[in-house]
Amino acid sequence: VNLVFGEDLRVSHQNYAWFAQGTYHILDDLRLTGGVRVNYDGYSAHTYTFGATNLPSGYWDLVPTWRGELDYDVTPTNMVYASASRGYKPGGINSSNYANGKAVLATPTFHTETNTAFEIGSKNQFFDNSLRANFAAFYYIYKNMQYIATDPKEFAGGVENIPSTHVWGGEAEVSYTAMEQRLHVNGTLSLEDGEVQGNYFAINSTIQQQLIATVPACKFGGAFYNPACFKAEEAAAVNIGGNQPAQLPNVLASFALSYDFPVPTGTLTPRVEYVYRGTFQQRIFNQPGVDSVPAYSVVNLNFEYVPTEDNNLTVQFSVTNLLDKA
């Protein structure tokens, strides 16, 4: 239940799914896995205003998703694979569209987002399984990617859909155990990029606020009711085609080191972790000076103690962001 500008919005959500998956061994070291899932999502909403007016709205969608993967064991400890799969994020209802009257551009409902993912990779273990190294490359095709959209009418925006967005990259994960499995070293690295495909126009909220402050039709409350103000904001919509998706760092990396120290009453394990996040765009608009977030790194510490006589008990002490990096 959501109370917005004197309106009582009540939303119900129903979800059903049917799925099946199986693996077929083509050869002893070659296998094919396939799966399918059918998802049904339904949303219904009723908005009751002060005048007891019932404004119904609904969204229902039947979404098939699937997965296929081919695995080949090069050796007992080395495997290569190729996979294709599709996932989804349900659509829904924009409750804010009812705020202060219906929106100008934002739709009452938004569509289901799907991601068709292609991936190739390798999973490996070396040196009597003390070293694990996994590598992968991926390509994602998003349809109807959801994002928070701004409407010309104040407070009447909601979730909308970008028709097509592609994301690609690669990642590596390495872990090493030594000294009778007391020393643990872990590292990860991800490189990724992406862009909005084709032409898609959207209203940049920072530009919208500038217009509200400068365009005569938008002043003195005109942003809530004046069609001339709405037209000025629509005309200022920007083409985000070719932009990088929001919050997609080009580089993500981490390194962690821990060691199990035997102490008279148990085991003490200090762990230090370094996390690096490269530059990224905060919003889909990629506006210089507004959306660009610089790279940063964070150091975390963790201490764990497990007593010898009662290994069901674990005591931990953690320090997050040791260097106080904003």
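This is a predicted model: local features need pLDDT of at least 70, side-chain atom pairs count only at pLDDT 80 or more; totals for chains, interfaces and linings use all residues.
Show its neighbours, leaving out residues up to four places away in sequence: Ile-284 touches Tyr-147, Ile-162, Val-196, Ile-240, Asn-243, Gln-244, Pro-245 and Ala-246.

Now widen the view to the largest nonpolar core, which has 14 residues. Ile-284 is among the members that touch the most other members, along with Tyr-147, Ile-162, Tyr-200 and Ile-240. Colour strands β9 (131-149) and β10 (158-178) next; each supplies at least two residues of this core. β9 gives the most, with five residues. In soluble globular proteins, nonpolar side chains tend to be buried together.

Move to the second core. This one is separate and has seven residues, including Ile-212, Val-215, Ala-217 and Cys-229.

A search of the whole structure finds one disulfide. Which hand does the disulfide of Cys-218 and Cys-229 have? The torsion about the S-S bond is about 105 degrees, so the disulfide is right-handed.

Trace the chain on either side. Cys-218 sits in the loop between α1 (205-214) and α2 (222-225). Cys-229 belongs to helix α3 (residues 227-235). Are they buried or exposed? Cys-218 counts as buried, at 3% relative accessibility. Cys-229 is buried too, with a relative accessible area of 0%.

Next, select Asp-291. Look for it in the loop between β17 (280-281) and β18 (292-293). Its relative accessible area is 1%, so Asp-291 is buried. The side chain of Asp-291 meets the side chain of Arg-283 at 2.7 Å. The Asp-291 side chain also reaches the backbone nitrogen of Asn-286, at 3.2 Å. Beyond four places away in sequence, Asp-291 touches Phe-280, Gln-281, Gln-282, Arg-283, Phe-285 and Asn-286.

Last stop: Arg-31, in strand β3 (residues 30-48). Which side chain does the side chain of Arg-31 make a polar contact with? The partner is Asp-73, at 2.8 Å. Arg-31 has a relative accessible area of 17%, and buried means under 20%, so Arg-31 counts as buried. Show its surroundings, again without residues up to four places away in sequence. Arg-31 touches Thr-23, Tyr-24, His-25 and Ile-26, as well as Glu-69, Leu-70, Asp-71, Asp-73 and Met-79.

Conventions. Residues are numbered from 1 along each chain as its sequence is written. Side-chain values use heavy atoms; hydrogens and water are left out. Helices (H or I, at least four residues) and strands (E, at least two) are DSSP runs, numbered from the N terminus. Buried means under 20% relative accessible area, exposed over 50%, partly exposed in between (1.4 Å probe, protein chains only). A polar contact is a pair of N or O atoms within 3.5 Å; within protein, one must be able to donate a hydrogen and the other to accept it, and residues adjacent in sequence count only if both atoms are side-chain atoms. Contact means heavy atoms within 4.5 Å. A nonpolar core is a set of buried Ala, Val, Leu, Ile, Met, Phe, Trp, Tyr and Cys residues joined through side-chain atoms within 4.5 Å. A disulfide is a pair of cysteine sulfur atoms within 2.5 Å.
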